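Student: I'd like to learn how to read sheets and helix packing in a model. Could you take me through one, feature by feature?

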Amino acid sequence: MLNRRTVLAGAGSLALTLSACGEGSEGGSEDSSEGGTVGIAMPTRSSERWLTDGKSVVEGLEAQGYKTKLVYGDDNPKVQVAQIGKLIQQGVDALIIAAIDNKSLNGVLQQAADADIPVVSYDRLILGTKNVDYYVSFDNEMVGMIQARHIIEKLGLEDGKGPFNIELFAGSPDDNNTKYFFDGSMTHLQPYLDRKQLVVPSGETELRQITTPRWDGPTAQKRMSGLLTKWYRSERIDAVLSPYDGISRGVLSALKSGGYGSDLKPLPVITGQDAELPSVKSIIAGQQSQTVYKDVRRLAEAATTMVDDILHDRVPWVDDSMDYNNGVKAVPAILLQPTSVDKTNYDVLVTDGYFTADELK
C-alpha cells in the first residue's frame with residue numbers, strides 16, 4: 001500500500017486527516033477487523049440530528065469492516081480538541097470531524113497530519129488549515145434558498161403582496177455553514193427587502209447581529225422575546241427566517257408567550273432545518289411552517305465511502321473541487337441536495353423511512 005498522503009497529493013494535493021476522540025467514547029466497535037479504526041468526532045448530543053449522524057456513520061463503517069471510536073464534544077471546543085488528540089494518540093487510521101468551532105482545530109490537525117492520518121470534514125467545513133482533505137455536506141446555500149422560497153410563497157410576495165414584517169435569525173457564529181445558509185436566504189429575500197415588501201422593524205439585518213451561539217434554542221427564544229417587547233407592541237410579525245429547528249422551537253415559544261397562535265393573532269411563517277421530530281410534529285400541528293430535510297444517513301454514507309476509498313488508496317469521487325475554500329485551500333467536496341418539507345409533503349419522511357407513521361402521530 002502506498003503512503004496515503006502521497007496518493008492524495010498526486011491526485012491534486014488532496015490530503016485527508018481524520019481526527020476522532022478517544023476517552024469518553026459514546027459508541028463504536030472493538031471487534032477485531034482488518035479494516036482499521038476510524039475516529040468520529042461529533043459536536044453535541046443536545047440535537048437528535050447529531051445522534052443520528054453518529055449512529056449512521058458508525059453503522060456504515062462497521063458494515064465495511066472498520067472499528068470505530070465515536071465521541072461527542074458536547075458543544076465545548078476545548079473538549080473536542082482534547083478528544084481528537086486522544087484519538088490520534090490511540091492510532092486511529094482516519095478521522096471524521098464535525099467541528100464545534102471551525103477555527104479551533106488547527107493545532108490538533110497538524111498532529112493528525114504528522115501521524116499520516118487523513119481528515120474528512122463532516123457537514124461543517126474546518127477553516128484555516130491545510131490539514132483537512134475532504135468535505136462532505138449538503139448544498140448549504142441551497143438550504144437557505146429553500147427557506148427563503150417558502151417565505152416568499154407563503155406571503156405571496158411574487159404576487160406583489162406586502163408589506164410584511166420579518167425578523168431574521170442565523171446559526172452559530174463559529175459554524176462556517178451559518179454564512180452559507182444566510183447568503184442563500186438573502187439571495188432570494190434581499191430584492192423584497194429592497195422593494196419594502198419585506199420590512200425588518202428591528203433593523204437587524206447583518207449576519208453579525210442575528211447569529212445564535214451554539215444554535216441554542218433558549219438563546220433564540222430570549223432574543224425573540226426581546227424583539228417582540230421592543231418592536232412589536234403595536235406591530236404584527238408575519239415571518240421569521242430561522243435556519244434550524246431548535247432555533248425555530250425557541251422562536252415559537254417566545255411567540256406563544258407573546259400571545260401568538262390564536263385566530264386573532266396567528267403565528268407567523270417560521271422556517272427551519274433538519275426535520276427534527278418535535279418540529280415535524282409542530283408542522284403537522286400547524287405551528288412551525290417548514291423545515292429542510294437533509295437525510296443524514298446519505299451524508300454518513302458519503303463520508304464512510306470516502307474514508308474507505310482513502311484507506312484503500314483510491315481517489316474519492318467529489319462533485320465540487322473549487323467552491324469550498326477554507327482560507328488556506330479549496331477543499332474537495334461532496335454536496336448532497338436538501339428537500340423542503342411542510343404540511344403538504346411531510347409524508348416523504350415516512351416514505352424514506354426517516355420516521356415511522358406512528359412517530360409522527
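Tutor: Gladly. Let's begin with pairing: two strands pair if DSSP finds at least two bridges between them. Helices (H or I, at least four residues) and strands (E, at least two) are DSSP runs, numbered from the N terminus. In this structure, strand E6 (residues 164-168) and strand E8 (residues 239-241) are paired in the parallel sense over 3 bridges. Ile 166 stands opposite Ala 239 in E8.

Student: Before we go on, what sort of model is this?

Tutor: This is a predicted model, where local features need pLDDT of at least 70 and side-chain atom pairs count only at pLDDT 80 or more, while totals for chains, interfaces and linings use all residues. Residues are numbered from 1 along each chain as its sequence is written, and side-chain values use heavy atoms, with hydrogens and water left out.

Student: In what order do the strands of the sheet with E6 and E8 come?

Tutor: In general, strands of a sheet pair through backbone hydrogen bonds, either parallel or antiparallel. Here 4 strands make an open sheet with parallel pairing, in the order E7-E6-E8-E9. Strand E7 (198-199) and strand E9 (269-270) are at the edges with a single partner strand each, so one side of each has no neighbour in the sheet.

Student: And which order does the open sheet of 6 strands have?

Tutor: Its order is E2-E1-E3-E4-E5-E11, with parallel pairing. The edge strands are strand E2 (67-72) and strand E11 (333-336), each pairing on one side only. Direction ignored, neighbouring strands of this sheet are turned by 15 degrees against each other on average.

Student: How many bridges join E1 to E2?

Tutor: Strand E1 (residues 37-42) is joined to E2 by 6 bridges, and the two run parallel. Thr 37 stands opposite Lys 67 in E2, and the bridge partner of Met 42 in E2 is Tyr 72.

Student: Is E2 mostly covered or uncovered?

Tutor: We call a residue buried under 20% relative accessible area, exposed over 50%, and partly exposed in between (1.4 Å probe, protein chains only). E2 is mostly covered, with 5 of its 6 residues buried.

Student: What about the two sides of E5?

Tutor: In a regular strand the side chains alternate between the two faces of the sheet. In strand E5 (residues 134-138), 5 of the 5 residues are buried, so E5 is largely enclosed by the rest of the structure. Tyr 134, Val 136 and Phe 138 are buried on one side, and Tyr 135 and Ser 137 on the other. E5 runs parallel to E4, joined by 3 bridges, with Ser 121 opposite Tyr 135. E5 also pairs with E11 in the parallel sense, over 4 bridges, and there the bridge partner of Tyr 135 is Ala 333.

Student: Which strands does H2 lie across?

Tutor: Angles here run from 0 to 180 degrees between N-to-C directions, and axes are lines fitted to C-alpha atoms, for helices over the stretch in contact. Helix H2 (residues 48-63) lies across E1, E2, strand E3 (94-97) and strand E4 (119-122), running at about 170 degrees to E2.

Student: How do H2 and H11 cross?

Tutor: Angles under 35 degrees count as roughly parallel, over 145 as roughly antiparallel, 65 to 115 as roughly perpendicular and the rest as oblique. The axes of H2 and helix H11 (residues 296-311) come within 8 Å and cross at roughly 40 degrees. H2 and H11 are therefore oblique to each other. For handedness, a crossing is left-handed if the near helix is turned anticlockwise from the far one by less than a right angle, and right-handed if clockwise. H2 passes H11 in a right-handed crossing.

Student: Which residues make that contact between H2 and H11?

Tutor: Contact means heavy atoms within 4.5 Å. Among the residues involved are Arg 49, Thr 52 and Asp 53 of H2 and Val 296, Arg 297 and Leu 299 of H11.

Student: Finally, what are the buried residues of H10?

Tutor: In helix H10 (residues 277-284), Leu 277, Ser 279, Val 280, Ser 282 and Ile 283 are buried. Their cover includes H2, H9, strand E10 (290-293), strand E12 (339-342) and helix H12 (348-351). After H10 comes Gly 286, with a positive phi near 85 degrees.
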